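Here's a quick briefing to read alongside the model. Grab your viewer and follow along.

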Amino acid sequence: MLPCGPQVCDDMTVEVALSVMTSTQAGYLVLCDEDGLCAGLVTRAQLGAFRAEAAYTDRVRLRDLVRDGGPFVTPGTPARDAERVLRERGLAALPVVDADGHALGVLVPPPA
């Protein structure tokens with residue numbers, strides 16, 4: 001598990017999120033809702049792809065991009081199960097949350 005890295009509120013716009021990613025050199029952002037609970041994760045690639053769509057406007061909020069708010073794992077999730085979720089969904093990272101839903105860290109795929 002890696003540290004969470006940048007955590008931002010899910011009401012941030014895509015443009016501001018990309019600016020945060022550039023300034024912090026992060027490949028992903030952990031999203032938190034207004035209560036500080038983990039709401040999901042977005043990657044630079046996801047934001048770039050969405051920005052290229054015809055429906056994009058500079059008013060789109062990150063919460064509009066995160067549909068299902070997950071997947072998440074907990075510290076008790078077996079490593080093989082977490083790796084399977086990463087692989088099957090083709091994810092760049094997977095938030096690790098505590099029992100209350102607060103982000104503790106991020107899992108990334110193991111090196112090939």
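Let's start with Asp10, which sits in the loop between strand 1 and helix 1 (helices, H or I with at least four residues, and strands, E with at least two, are DSSP runs numbered from the N terminus). This is a predicted model, where local features need pLDDT of at least 70 and side-chain atom pairs count only at pLDDT 80 or more, while totals for chains, interfaces and linings use all residues. Residues are numbered from 1 along each chain as its sequence is written, and side-chain values use heavy atoms, with hydrogens and water left out.

**Asp10 and its surroundings**

- Asp10 counts as buried, at 8% relative accessibility (buried means under 20% relative accessible area, exposed over 50%, and partly exposed in between, with a 1.4 Å probe and protein chains only).
- Not counting residues up to four places away in sequence, Asp10 touches Leu31, Cys32, Asp33, Ala39, Arg61, Leu62 and Arg63 (contact means heavy atoms within 4.5 Å).
- Leu62 has its own list of partners beyond four places in sequence: Val8, Cys9, Asp10, Met12, Thr13, Val14, Ala17, Leu31, Val42 and Leu47.

**Nonpolar cores**

- The largest nonpolar core has 17 residues, and Val8, Val14, Leu29, Leu31, Val42, Leu47 and Leu62 touch the most other members (such a core is a set of buried Ala, Val, Leu, Ile, Met, Phe, Trp, Tyr and Cys residues joined through side-chain atoms within 4.5 Å).
- At least two residues of this core come from each of helix 1 (14–24), strand 2 (28–32), strand 3 (38–43) and helix 2 (44–51).
- Helix 1 supplies the largest share of this core, five residues.
- Another core lies apart from this one; it has nine residues, among them Tyr28, Cys38, Ala93 and Val97.

**Helix 1 against helix 2**

- Two packed helices are described by the angle between their axes and the distance between the axes.
- For helix 1 and helix 2, the axes come within 11 Å and cross at roughly 140 degrees (axes are lines fitted to C-alpha atoms, for helices over the stretch in contact, with angles from 0 to 180 degrees between N-to-C directions).
- The crossing of helix 1 and helix 2 is left-handed (the near helix is turned anticlockwise from the far one by less than a right angle; clockwise would be right-handed).
- On the helix 1 side, Val14, Glu15, Ala17, Leu18, Met21 and Thr22 meet Arg44, Leu47, Phe50 and Arg51 of helix 2.
- By class, this contact has six nonpolar, one polar and three charged residues (Ala, Val, Leu, Ile, Met, Phe, Trp, Tyr, Cys and Pro count as nonpolar, Asp, Glu, Lys and Arg as charged, and the others, Gly among them, as polar).
- Glu15, found in helix 1, is partly exposed, with a relative accessible area of 27%.
- Leaving aside neighbours within four places in sequence, Glu15 is in contact with Arg51, Tyr56 and Asp58.

- Gln7 has its place in strand 1 (residues 7–9) and is partly exposed, with a relative accessible area of 42%.
- Beyond four places in sequence, Gln7 is in contact with Val30, Cys32 and Ala103.
- Gln7 and Ala103 are 96 residues apart in sequence, yet 8.7 Å apart in space, C-alpha to C-alpha.
- Thr43 lies in strand 3 and is buried, with a relative accessible area of 11%.
- Not counting residues up to four places away in sequence, Thr43 touches Met21, Gly27, Tyr28 and Ala92.
- Most residues other than glycine have a negative phi.
- Gln25 has a positive phi of about 60 degrees although it is not a glycine.
- That residue, Gln25, is placed in the loop between helix 1 and strand 2 and is exposed, with a relative accessible area of 75%.

**Around helix 3**

- Pro78 lies in the loop between helix 2 and helix 3 and counts as partly exposed, at 31% relative accessibility.
- Pro78 and Ala92 are 14 residues apart in sequence and 18 Å apart in space, C-alpha to C-alpha.
- Glu83 is found in helix 3 and counts as partly exposed, at 36% relative accessibility.

**Confidence**

- The protein averages a pLDDT of 90, and 96% of the residues score at least 70 (pLDDT is the predictor's confidence in each residue, from 0 to 100).
- Among the elements of the protein, helix 1 has the highest mean pLDDT (95) and helix 3 (residues 79–89) the lowest (89).
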